Amino acid sequence: MSDASKPASEFGLSGMIPAGVSLHRLSALLTLCLLIAGFALSSPAFFSINNGLTILLQTSVIGLLGIGMTLVIVTGGIDLSVGSVLALSGVVSAMAVKAGVPVVPAMGAGVAAGAACGAFNGLVITKLRIPPFVATLGMMLIARGLALQLTGAIPISGLGEAFGLLGNGALFRVVEMRPNGFPNVIFPGIPYPAILLLIVAVAVAYLLRRRQIGRHIFATGSNEEAARLSGVRVDRTKLYAYTMSGALAGLAGNVLMSRLITAQPSEGVMAELDAIAAAVIGGASLSGGVGTISGTMIGAFIIGILRNGLNMAGVSAFIQQIVIGFVVIGAVWIDQIRNRP
Amino acid sequence: MSAAPLVEMIGIEKHFGGIRAVDGVSIDLHRGEVVGLLGHNGAGKSCLMRILSGAMAPSGGEIRIMGEPVSFTEPNDAREAGIETIYQTLALADHLDAPANLFLGRELKTRFGNLDDRAMLKAAREVLARLNPNFKNLGDPVSSLSGGQRQVIAIARAIYFDTKVLIMDEPTAALGPSETAMVAGLIKELRAEGIGIFLVSHDMHDVFELCDRVVVMNKGRLVGSHAIDEVTKDDVLSLIVKGELPADWSARNLTQAAQHA
């Protein structure tokens, strides 16, 4: 009986909310396809394997930040510090390499530094009861200041080939030597950052959907007091989300610095806005309780493709900022419409 | 009934700054007993119940469950002691569906530690069907459900687990007549099973129909604890409003007995 009435109610007013969520993601996906089609028509170089891989590379950083941001936004919070934490983590990794630590543990130290910043955020928010906006704004300044102070605002370069492998390497790369001695790249391979992004996205999506902590993250963002009364350890859940966000920002920082083989303490300014935009475009609600990793991935690719396509079309970086600004406002506006009763 | 009471709260205090929200209140509850807790808004009854459910730490006093002193630092502690609460706000996470809310904080898991959504759905279907046979849309987020359905989820969550003490905070305030009757029937059923119930209510009719005893609070103090057949509605109203019984009060059942004699 209810099964028969269900499809009808999907279109009715009572079914608006669940239908609205998937509708949002569908419209984001449609936007993504429209963007790809539009840019492909405007520039023939856009729709090529090489450019596709470039987009994958560029999006992997936004994507990693966006995944962490999604966890935080679903708890009903916000993390403004990820751009600065990204820079600090890259700097920590680079300094460790310079101090003679092998690359893998050095990068581990960078990610750990990011996680520590995230944990600090979480503790300030849960123990000192400071709103996430203010707490992470503080961390944004602290981490950026630390990165600049540690390096004297000078980029750390000469980190060696191994440091660049994570950002520049690729799986299944096929290269053959021509008779004239020049290499011929048959297939450029799948970049490691893209593989990393896929692994992290699948892992976090699993965490959110199938694990208790994921359910508690949703419950906390949906109704914090109810979650607490139901026995959810709300503070621990939030601490977890912010620590994950910090760690993923650290990972993104390592990917970015590895691609440049240089640790730039001024890297990642405004990256938090890209990450927030990716999550919100993908359907995460800034009031908490709603959000998916797949949606955030779509959002990240919308931003990545927008940036790349505008570049390919020769649009200036200033105009790009204006466009992305409007996209962010538009996405939050859609969020507002959706939450209106 | 010589065994230790299910719940004893002895000399409970709760201060907010200089305000004494709960001022030296002692109260007890026995197996299979329904105790109505009445008072003005701000009389401290919700505060007292929040202390018992572990949602609020008392400033002083002692809680004993079946004679054993306990100390609750979070709601989980109280739930482990068999104390379940139906909050007036229902305390549901609106974006989650009914099974997720039912098992929130106590999720069923598979061998590998994953959420066992299938088992939770099955259990939820059984317990919800017992309370409301028309409850079918279990996959919808609870924000899209009716007030009665939401109430049913909150009630199901409180009785599904091994419950010894049930705190009901205004359980019928948001309900229609048929749902109110369902809750009344449920209270009688649970009482027969030996569960002790604290019923916080404003509805004098409900209280007199369902409770074995009424306890009245006024300005943080306990001003009266009477078997339901000792008092009239007017007596209870006087306790709520003035904090004391009418000047010429005598126990109703005794008076009647005297008149019959």
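Which residues of α8(A) meet α9(A), and which residues do they meet there? I'm working on a predicted model here, so I keep that in mind throughout.

**Entry 1: α8 and α9 of chain A**

I listed the contact first. From α8(A) I get L207(A), L208(A), R209(A) and R210(A). On the α9(A) side I get Q212(A), I213(A), G214(A), R215(A), I217(A) and F218(A). Sorted by class, the residues of this contact come out as five nonpolar, two polar and three charged.

Then I checked the geometry. Helix α8 of chain A covers residues 192–210 and helix α9 of chain A covers 212–222. Their axes come within 5 Å and cross at roughly 70°. Angles of 65 to 115 degrees count as roughly perpendicular, so I write down α8(A) as roughly perpendicular to α9(A).

**Entry 2: α3 and α11 of chain A**

Next pair: helix α3 (residues 49–74) and helix α11 (residues 234–260), both in chain A. I read an angle of about 170° between them, with the axes 7 Å apart. Anything over 145 counts as roughly antiparallel, so that is the label α3(A) and α11(A) get.

Among the α3(A) residues are L57(A), V61(A), L64(A), G68(A) and V72(A). The α11(A) residues they meet include Y242(A), M244(A), L248(A), V255(A) and R259(A). By class, I have 17 nonpolar, four polar and one charged in this contact.

**Entry 3: chain B against chain A**

How many residues of chain B are in contact with chain A? I get 30 from chain B, in contact with 28 from chain A. Between them the two chains bury about 2400 Å², and 50% of that is on carbon and sulfur atoms.

I also counted residue pairs in polar contact between chain B and chain A: 19, with both residues at pLDDT 80 or more. Helices α2 (75–80) and α4 (117–131) of chain B each supply at least two residues of the side that touches chain A. α2(B) gives the most, with three residues. That side of chain B has 13 nonpolar, seven polar and 10 charged residues.

**Entry 4: salt bridges**

I searched the whole structure and got 21 salt bridges over all chains. Four of them turn up across the interface of chain B and chain A.

I looked up one that links back to Entry 1. D117(B) forms a salt bridge with R210(A), and the closest N and O atoms are 3.0 Å apart. The pair crosses between chains, from helix α4 of chain B to helix α8 of chain A. R210(A) is also on my list of α8(A) residues that meet α9(A).

Notes:
Residues numbered from 1 in each chain as written. Chains lettered and ligands numbered in written order. Predicted model: local features only at pLDDT ≥ 70, side-chain atom pairs only at ≥ 80, totals over all residues. Heavy atoms only, no water. Axes fitted to C-alpha atoms, helices over the stretch in contact; angles between N-to-C directions. Helix = DSSP H or I, 4+ residues; strand = E, 2+ residues; numbered from the N terminus. Parallel < 35°, antiparallel > 145°, perpendicular 65-115°, else oblique. Contact = heavy atoms within 4.5 Å. Nonpolar A, V, L, I, M, F, W, Y, C, P; charged D, E, K, R; others polar. Buried area = accessible area lost by both parts, 1.4 Å probe. Salt bridge = Lys/Arg side-chain N within 4 Å of Asp/Glu carboxyl O. Polar contact = N/O pair within 3.5 Å; in protein donor to acceptor, adjacent residues only side chain to side chain.
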